[in-house]
Amino acid sequence: MMLQVQNLWVKYETRRGVVEALSGVSLSVQEGEVLGLVGESGSGKSTLGLAIIRLLPRSAKVGGAVRFNGRDLLQLPEDELRRIRGREISMVFQDPFSSLNPVMRIGDHFAELMLEHGAAKSRDEALEAAGNILERLGVPRERLGDYPHQLSGGQRQRVAIGLALILKPRLVIADEITTALDALVERQIIDLVKEVKKEYKTSMLFITHNMGLVAEVADRVCVMYAGKVAEVGGVREVVEDPRHPYTEALLKSVPKIGGSKRVQPIPGEPPDMRNPPSGCRFHPRCPLATEKCRLEEPELVNVGGRYVACHFRS
Amino acid sequence: MRGPRGFPEWGLLVGGVITAAFLVLAVVGSSLVGERAVSSTVYVDGRAYQIPPLLPPGTTIEVGGLVLHFPLGTDQLGRDVLARVVGGARFVLTVAFFSTAISALLGTLLGLISGYIGGMLDRALSLFMDSLYAFPGLILAIAIAALLGVGVLNISLAIAVVYIPSFFRMVRGVVLSLKASPFVEAALVAGASSWSIVLKHILPNTLPQIVSLLPVTFADAIITEAGLTFLGLGIEPPTPDWGFDLNKGRQFFLAGYWWIGLFPGLMIVLSVLGFLLLGEALNDLLNPRKVEA
């Protein structure tokens, strides 16, 4: 087990009360596996990504454990953590327009990263390696001398992916990497992710709100709702036979080309995390909800090889 | 080649020409006028002649067979006003240069530290800087100049203290907004150290604002320097200096000897105008978003 998140809690104390962004999340990523992390805005999926790499704001209170190759990242001193960041765990962000430094050339981004981690002895060596990886990702080598504003959004995201891969990390956290791109570029980037998956065999935590993308790139999927895991399982089983009512609703809300069924929105809205619903957090919006759902919190239980947190499925 | 268009380009051209002229004057002016700026004695064949004081502009006199022109007249001690005005550029511009450099360096450094580290340190530094900022600049400079005494470095330090808060506040503000920016977060994720984040990612992004503040500070420093020497602080006579001469000229102005004070005063106005034009034009060109917004 390469990455194991155990009972992770994240709380923010604000003036208007305590916000619980994550409430006891457990999940794991195997070597070479892509885990899709799906959920609506505010479900805690991005918080989880940042919590793993310990990049949450100082005001966040974090509990639980994040085991990465046996070591708990939450207990690691800052300088050891810095050696893991970028080298063993890297991250690709949502907005390629602001995740590159506007006054640094593309080549300098690579050179700085590689020299900082001792992966290259000289700038030239770093640029050579950077040029190679960019070409494999479909960006001409000459772009190394350009500034970020001279590149298109798709190229920038390819550069960001290159930066995340160049040190051959064990885990890449991809946080909504196609959300800021238009549909055509999104397709290219997704195809690229699939190629990368084949070629590099890196484990990946693929965070998105788009069930369709998860179905394409992920091996397993973890559906999150209101700071908790609703359902975890192989991507095929979950997409074809969702067990949690929320997963089902999420799948019905994705439009399909040629599909005869109407897209069904999920009624209601995500809960206020200062005051989450009692019992099952999905019960106010769930078509199956009963008195038991309102009172008792469902456990994540094994249902035929996958885990579901619902009173009706256990 | 096309000509300049609109304010930024004209400002850059005119301001640049004026600024360049004054910089040349500061470098070569003193050696050009030599002794004439500080002495009213002329030596011809080993004999000393005194130049008469208070000659009006455009006077030509002959001493010991030597013909001397005084296009701007002579002052109350018989010194050539043109020579003093030209020679005076060095002191004021040197002081303005050093005080701008010192305040920019210290202000930027403290702003980076304060903004990046934050917490109590940031509070304390901000409070200190704000109280400095709230203090009237000239009065603060007078107090420090009186404390430090005469000399280029002393007066430069006195003036620098006045402008440190401007750089501090500006840099701190930029650092605070950049600290939360995605590319800084991306650098953190990539394992960059605090040093490399501050020096490679944040500092270069503050440069446009710093650069456009430099000429404005420089212009302001000229005025503050003139104010200090006007009051007789920080300078030792007979060093030629515009502020000092302006004050002397003021005493003779009502008696009809207007040229002694007018020309140093004009030099102050013109040099400040040149640097301000340059600064405004640079600001428009380097930070275009401010104009669009």
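## Strands in chain A, helices in chain B

In E2(A), Val5(A) has Leu27(A) as its bridge partner. That pair is a handy way into this model, which is a predicted one.

Let's stay with chain A for a moment. Strand E1, residues 3–14, runs antiparallel to strand E2, residues 17–29, and ten bridges join the two. E1(A) and E2(A) make a hairpin, with two residues between them. E1(A) also pairs with strand E4, residues 60–68 of chain A: here eight bridges do the joining, and the strands again run antiparallel. If you want a spot to look at in that pairing, Tyr12(A) sits opposite Ala60(A) in E4(A).

Now over to chain B, where helix H7 packs against H8 and against H9. Here are the two pairs:

| Helix pair | Residues | Angle | Axes |
|---|---|---|---|
| H7(B) and H8(B) | 194–230 and 242–253 | roughly 50° | within 7 Å |
| H7(B) and H9(B) | 194–230 and 259–286 | about 165° | 8 Å apart |

Take H8(B) to begin with. Its axis and that of H7(B) cross at roughly 50°, so H7(B) counts as oblique to H8(B). The crossing is right-handed. On the H7(B) side, the contact uses Glu225(B), Ala226(B), Gly227(B), Leu228(B), Thr229(B) and Phe230(B), and these meet Trp242(B), Gly243(B), Phe244(B), Leu246(B) and Asn247(B) of H8(B). Sorted by class, that contact holds six nonpolar, four polar and one charged residues.

What about H9(B)? At about 165° between the helices, H7(B) comes out roughly antiparallel to H9(B), because angles over 145 degrees count that way. H7(B) passes H9(B) in a left-handed crossing. Among the H7(B) residues in this contact are Pro208(B), Val211(B), Pro215(B), Phe218(B), Ile222(B) and Ala226(B), while H9(B) brings residues including Ile268(B), Val272(B), Phe275(B), Leu282(B) and Leu286(B).

Finally, the two chains touch each other. How many residues does each chain put into the contact? Chain B gives 16 residues and chain A gives 22. On the chain B side, helix H6 (182–189) and H7 each supply at least two residues, and H6(B) gives the most, with six.

Definitions and conventions
Residues numbered from 1 in each chain as written. Chains lettered and ligands numbered in written order. Predicted model: local features only at pLDDT ≥ 70, side-chain atom pairs only at ≥ 80, totals over all residues. Pairing = 2+ DSSP bridges. Helix = DSSP H or I, 4+ residues; strand = E, 2+ residues; numbered from the N terminus. Axes fitted to C-alpha atoms, helices over the stretch in contact; angles between N-to-C directions. Parallel < 35°, antiparallel > 145°, perpendicular 65-115°, else oblique. Left-handed = near helix turned anticlockwise from the far one by under 90°. Contact = placed C-beta atoms within 7 Å. Nonpolar A, V, L, I, M, F, W, Y, C, P; charged D, E, K, R; others polar.
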